[in-house]
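Thank you all for coming; I would like to walk you through one chain this morning, going from the overall fold to a few individual residues. Please have a look at it first.

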Amino acid sequence: MNPLSDQQLARKSLQYRRDVLRWIKHAGAGHTGGSLSCLDILNVLYNRVLRVTPETFSSATRDRYIQSKGHSVEALFVVLADKGFYPSSELETLCGYESHFVGHPTRKVPGVEQNTGALGHGLPICTGMAIGGKMDGAGFRVFTLLGDGELAEGSNWEAAMAASHYKLDNLTAIIDCNTLQITGRTHDVMNTEPLAEKFNAFGWAVRSVDGHDIAALTGALQAPLENGKPSAIIAHTTKGKGVSYMEDVGKWHHGVPSDEEYVRALSEIDAALANFPEIAA
């Protein structure tokens, strides 16, 4: 299959947004705003960067991805279904009784590396995985997605210090910097700025990008690694991206659109889809 163009990936992001809203509406629960803010990041990761497929998921040489901001799991579920880890129809059980598709990632779902949702755990786990890769002389890379509010957790900074100390240039942390969390603006709840300077001071190679720009994300995630330095990508995003009444509105951290809101959201996404080429099968 030929690699998808930037325009085709932008279209895929819109389709992912449509699917996220569909399944959250169907389940009657979900972290809508954060799932919409991180979808472009996951799109580029799974369609351009990660060396992992359903067939290679048990391979010792696969790349590893852990979604530390586990509450935005609907985005991950939609992307994994698109990549063939399971039929999308299985998401009809999302948040249902005895379903494996619950409100946070669990290893019972194919394609999920680690249970997450206790915020602050993803980067420490990935640091350990990256150390293991170095010890084994393996060539895999390790990626994690963090929320900007999650960076108030001290375990992240212990892991950041260790990653630099052990020269883990096989580790990349992506921060979904949408500036909002469940109780307000991140800088009001617990200010973690200046993030770039902090990661630099901890010995990381840092890049800041527009987290909704496919080309910019691709460039940052595929850029040559700095020898001996872990990578931090600060992705500036908008909570609720793609739905006008959700964008940058804190109440959509967790929420289900009403019937009227749902129709309006789909109509906005469908209007945007009309501007992009179809993706060849």
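**Core, covered helix and backbone exceptions**

I will begin with Tyr86, which, leaving out residues up to four places away in sequence, touches Leu76, Phe77, Leu80, Ala81, Leu91, Phe101, Val109 and Pro110. Please keep in mind throughout that this is a predicted model.

Tyr86 belongs to the largest nonpolar core, which has 55 residues, and together with Leu45, Tyr46 and Tyr65 it touches the most other members. The elements that contribute two or more residues to this core are α1 (6-27), α2 (32-49), α3 (73-82), β2 (142-147), α8 (214-222), β7 (231-236) and α9 (259-273), and the largest share, nine residues, is supplied by α2. There is also a second, separate core of 23 residues, which includes Ile66, Leu151, Trp157 and Ala160.

Stepping back to the whole chain, we have nine helices and seven strands. Buried residues account for 51% of the chain, and, among contacts between residues at least 6 apart in sequence, 77% join residues at least 24 apart. The accessible surface comes to about 12,100 Å², with 52% of it belonging to carbon and sulfur atoms. As for charge, the mean positions of the 25 positive and 32 negative charges lie 4 Å apart.

Let me turn now to α3, and ask how many of its 10 residues are buried. The count is nine, so that the helix is mostly covered, and the buried residues are Val73, Glu74, Ala75, Leu76, Phe77, Val78, Val79, Leu80 and Ala81. Among the elements that cover them are α1, α2 and β1. Just after α3, Gly84 takes a positive phi of about 90 degrees.

From α1, I would pick out Trp23, which counts as buried because its relative accessibility is 5%, under the 20% cut-off. Apart from its neighbours within four places in sequence, Trp23 is in contact with Val78, Ser88, Leu91, Glu92 and Leu94. Trp23 and Thr93, although 70 residues apart in sequence, are 9.2 Å apart in space from C-alpha to C-alpha.

I will finish with the backbone. Which two residues are joined by a cis peptide bond? They are Glu193 and Pro194, with omega at about 0 degrees, and Pro194 lies in the loop between α6 (186-190) and α7 (195-201).

Positive phi values also occur in residues other than glycine: Lys167 has a phi near 55 degrees, and Asp248 has one near 60 degrees. Lys167 is in the loop between α5 (154-165) and β3 (171-177), where it is exposed, with a relative accessible area of 53%. Asp248, by contrast, is in the loop between β7 and α9 and counts as partly exposed, at 37% relative accessibility.

Notes: Residues numbered from 1 in each chain as written. Predicted model: local features only at pLDDT ≥ 70, side-chain atom pairs only at ≥ 80, totals over all residues. Heavy atoms only, no water. Helix = DSSP H or I, 4+ residues; strand = E, 2+ residues; numbered from the N terminus. Buried < 20%, exposed > 50% of the residue type's maximum accessible area, 1.4 Å probe, protein only. Contact = heavy atoms within 4.5 Å. Areas by Shrake-Rupley, 256 points an atom, 1.4 Å probe, with all protein chains shown as cover. Lys, Arg positive; Asp, Glu negative; His and termini not counted. Charge placed at Lys NZ, Arg CZ, Asp CG, Glu CD. Core = buried A, V, L, I, M, F, W, Y, C linked by side-chain atoms within 4.5 Å.
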